[in-house]
Protein chains: 2
Amino acid sequence: MISVVLLGAGNVATHLYNVFQDAKHITVTQWYNRHLSKLTTYKNEVEITDNLEDLNPADIYILAVSDDAISNVSKALPFQDRFVVHTSGTVSLYDINDKHSRGVFYPLQTFTKDAEIDFSTIPLCIEALKNPDLKLLKTLSESIGSKHYKISTEQRKRLHVAAVFANNFTNQMYRITHEITEENQIEFEVLKPLILETAKKIQKMTPYMAQTGPAVRGDKKTIKKHLKLIKNPQHKAIYELLTNAILETHGRKKL
Amino acid sequence: MISVVLLGAGNVATHLYNVFQDAKHITVTQWYNRHLSKLTTYKNEVEITDNLEDLNPADIYILAVSDDAISNVSKALPFQDRFVVHTSGTVSLYDINDKHSRGVFYPLQTFTKDAEIDFSTIPLCIEALKNPDLKLLKTLSESIGSKHYKISTEQRKRLHVAAVFANNFTNQMYRITHEITEENQIEFEVLKPLILETAKKIQKMTPYMAQTGPAVRGDKKTIKKHLKLIKNPQHKAIYELLTNAILETHGRKKL
């Protein structure tokens, strides 16, 4: 049995609490938050506290707090040589105070508080300085049915950049799609299946192989027609830049 | 029962043939292609021909041929006043020779020849000049379990631009994600669930509401860190342009 003390009351903390409660080999022995009111719903299930001095011994302390708070909260913990991890995609392992045994337990997914999360589909990026700690993080991931990947702090920084492309920028493509449909009295609904299929396709083949459309075909006639149709200067700039990126990726002459 | 003559032997034609064969109220009476060899697999199931002069009367002639061929093939058809549609996202309804009753039956999806297609998830963009023709296209869509949307030629042109953003440009975001992971010895696998979740999210909420990340938060500190980490000039230019697009969309000051 792995004993966990959870710190923080945001989306990640709440989702971790729920999945830990359902896991056979994990017990959340305490849940800390600086505002106790955010945890009172859970007071009959788990020991809650707003006082770091009250923290019990545990196999692992999970700081699911905001990025800026990680360094200070880890420093304020009134013990040392215990295993303390954070759950951030951007913060270095070394931001955790060095009186602790340090690690990272970063679930790579977009969390929405009320949405149910199936942890078995969420990759966990794990990092630790000592082998037994790394082993504990692996066991923790497996106990909640998640795949784990050993990712160093330096890799994690780049992974976070990659996630901005995969998530935020992709979502901005959807937003522009939405703007174009609205402008032309087309239901956005029409494009939802295409969007889903595009994401599904690269689950099985590389994005390089999955590419279709005028740019990868080198169909400059269609590209010119499209550029003529696009009035919004922001859309036009993005169309040009991304078309050139595809042309370049696939070894064709740029516009 | 709707009788269909299918023309062409590419991905769309093949997928339409298969779904029509499974549909209760549709019968493919003939399948034409200029190269008969591409159709011989089907010769025991359906009448095949490479001669336009041999075409039988039917309720609808579906030109699932390449964009460039639509005008010529429609002209070469040795009859008039029958209902002829094409399946293209980019070609005008008016490119079909005006001796026919004209229409468009455009399934908006990325087709891969060998992949199985569930037509019930594919929106059909339909267009026709006469009401009975439009009604026939609606019935045809419903018979294969697809949702249909009435989309004019002018709307369809813009929809095709929107689809480039939703599909090709989104896929290029995945490609860049793939490049970043490869450069840093990270398995691309780690990001696949995030990519899928991002596409699933906008099935239920608008892309505007679904946006997350440093740009929508106005977190310029993280944006600067990311720009410092990105060495590839193409990636950097895209990061800057799309970050500015998100900042602009959400009413924040640009970089």
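Two strands pair if DSSP finds at least two bridges between them. Strands (E, at least two residues) and helices (H or I, at least four) are DSSP runs, numbered from the N terminus. In S2(A), A:Ile26 is the bridge partner of A:Ile2. The model is predicted: local features need pLDDT of at least 70, and side-chain atom pairs count only at pLDDT 80 or more. Residues are numbered from 1 along each chain as its sequence is written, and chains are lettered from A in the order in which they are written.

**Sheet of chain A**
- Chain A has an open sheet of 8 strands with mixed pairing, in the order S3-S2-S1-S4-S5-S6-S7-S8.
- Strands S3 (48-49) and S8 (148-150) of chain A each have a single partner strand, so one side of each is left without a neighbour in the sheet.
- Strands S1 (residues 2-7) and S2 (residues 26-32) of chain A run parallel and are joined by 6 bridges.

**Sheet of chain B**
- In chain B, an open sheet of 8 strands has the order S3-S2-S1-S4-S5-S6-S7-S8, with mixed pairing.
- Strands S6 (residues 101-107) and S7 (residues 124-128) of chain B run antiparallel, with 5 bridges between them.
- B:Gly103 has B:Ala128 of S7(B) opposite.

**Helices between the chains**
- Helix H8 (residues 220-229) of chain A packs on helix H4 (residues 153-183) of chain B at about 105 degrees, with axes 10 Å apart; axes are lines fitted to C-alpha atoms over the stretch in contact, and angles run from 0 to 180 degrees between N-to-C directions.
- H8(A) is therefore roughly perpendicular to H4(B) (65 to 115 degrees).
- Contact (heavy atoms within 4.5 Å) involves residues including A:His226 of H8(A) and B:Val161 of H4(B).

Key:
Heavy atoms only, no water. Parallel < 35°, antiparallel > 145°, perpendicular 65-115°, else oblique.
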